[in-house]
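Dear colleague,

I am passing on the structure that we talked about, and below it I have set out what I found on going through it. Please read the notes with the structure open beside them.

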Amino acid sequence: MAAPSHTTIWTWLLALLAAGVAAAAAPFGRALAIGLVLVIALIKAVLVVRHYMHLKREPLIIYAIAAAPLLLVLVLAMALVPDLVWRR
Amino acid sequence: MNGLNAIAGETSGVPSGKLGIWWFLASETMTFGGLLGVFVLTRYAAGGWHDASEHLHVWMAACNTLILLTSSFTMARAHAAALRHERRATLHNLLATIGLGLLFLGIKALEYASELRAGFTPHSGPFWGFYYGLTGLHAAHVLGGLIALAVLAVATARGQSWDLVERRVESTGLYWHFVDVVWIFLFPLVYLS
């Protein structure tokens, strides 16, 4: 299957932007709306990284370099939860 | 220097320049990821700061999102044109990316001016401190990207060799797309949550 063109990805990105803004304004509960908006943001980021940054064509070492800081940020956030969230 | 290039090429199978920019982006991910993580946790613990965030200009930020997404599109087209050795198309897409980046900063400046006129400064509360800190750091990265793009556009216009143009467009493009990805998360976390 041929890779989607840059224009196709751009069209998807704009559609997802519209969907995100609409979801934030929709009469859902706030938690659901925020969850939806963040999932849409994640899909947009994956589209840019995979297709515009060509991650899908890169070897494993580039995936490792890209993933390592994400794991470290997750660990950092978890380590901060007791100080920032539970201390109320 | 050639020795270093050879080592990076031989051990990983990836050109050293590309490896270097991905390492740089990894460190940038730690910078923005750490700040965003602290912002999200502090905001959650404080109950959301919804009263403060309602004063933001969501439509200006949505326009800026559209502009940055489009600039990633033109940057990707510049890279594709460079791989085809089409100098005019490469240059045009680089200039379009620069124009869109300048437009982003112009709208951001208008947004800041409007908020400051309304009395919302970085000292107006924790939300505003985070807002100016996060978006200001991002804007500084956009400015840095614009300078790199301008240097690249001049080199391309002056007929720099394709070998160099291809690699520089790819590296600068990776940085520019990363700045776009950061905004993709900043927009919902700051403006829509």
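In chain B, which has 193 residues, buried residues make up 35% of the total. Please keep in mind throughout that this is a predicted model. The secondary structure of chain B consists of seven helices and zero strands, so that, read from the N terminus, the order of its elements is α-α-α-α-α-α-α. Taken along the principal axes, the C-alpha atoms of chain B fill a box of roughly 55 × 35 × 20 Å. Among the contacts in chain B with a separation of 6 or more, 79% are between residues 24 or more positions apart.

Chain A, for its part, is divided into domain 1, covering 1–57, and domain 2, covering 59–88. The centres of domain 1 and domain 2 of chain A, taken over C-alpha atoms, are separated by 22 Å.

Next, the core. The largest nonpolar core has 59 residues, and the members that touch the most others are Phe178(B), Val179(B), Val182(B), Trp183(B) and Phe187(B). The elements that give two or more residues to this core come from both chains, namely α1 (6–25) and α2 (30–52) of chain A, and α2 (16–45), α4 (58–83), α5 (87–117), α6 (126–157) and α7 (162–192) of chain B. Of these, α7(B) gives the most, with 16 residues. Leaving aside residues up to four places away in sequence, Val179(B) touches His141(B), Val142(B) and Gly145(B).

Two helix pairs that involve α7(B) deserve a description of their own. Within chain B, the axes of α2(B) and α7(B) come within 10 Å and cross at roughly 10°; as this angle is under 35 degrees, the two helices are therefore roughly parallel to each other. On the α2(B) side, the residues that meet α7(B) include Ile21(B), Leu25(B), Phe32(B) and Phe39(B), while the residues of α7(B) that they face as a group include Leu174(B), Phe178(B), Val182(B) and Phe185(B). By class, the contact of α2(B) with α7(B) has 12 nonpolar, two polar and four charged residues.

Across the two chains, α2(A) and α7(B) pack at an angle of about 175°, with their axes 9 Å apart, and because angles over 145 degrees count as roughly antiparallel, that is the description that applies to α2(A) and α7(B). The residues of α2(A) in this contact include Val37(A), Leu38(A), Lys44(A) and Tyr52(A), and those of α7(B) include His177(B), Asp180(B), Ile184(B) and Phe185(B). The contact of α2(A) with α7(B) divides into 12 nonpolar, one polar and two charged residues.

As for the contact between the chains as a whole, it takes 35 residues from chain B and 35 residues from chain A. On the side of chain B that touches chain A, the elements that give two or more residues are α2, α4 and α7 of chain B, and α2(B) gives the most, with 13 residues. By class, that side of chain B has 21 nonpolar, 12 polar and two charged residues.

Finally, a note on one glycine: Gly133(B) is placed in helix α6 of chain B, and it counts as partly exposed because it has 13 C-beta neighbours inside 10 Å. The C-alpha atoms of Gly133(B) and Leu35(B) are separated by 9.1 Å, although these residues are 98 residues apart along the chain.

With best wishes

Notes:
Residues numbered from 1 in each chain as written. Chains lettered and ligands numbered in written order. Predicted model: local features only at pLDDT ≥ 70, side-chain atom pairs only at ≥ 80, totals over all residues. Core = buried A, V, L, I, M, F, W, Y, C linked by C-beta atoms within 7 Å. Buried ≥ 20, exposed ≤ 12 C-beta atoms within 10 Å, placed from the backbone. Helix = DSSP H or I, 4+ residues; strand = E, 2+ residues; numbered from the N terminus. Contact = placed C-beta atoms within 7 Å. Nonpolar A, V, L, I, M, F, W, Y, C, P; charged D, E, K, R; others polar. Domains from an automatic or database assignment. Axes fitted to C-alpha atoms, helices over the stretch in contact; angles between N-to-C directions. Parallel < 35°, antiparallel > 145°, perpendicular 65-115°, else oblique.
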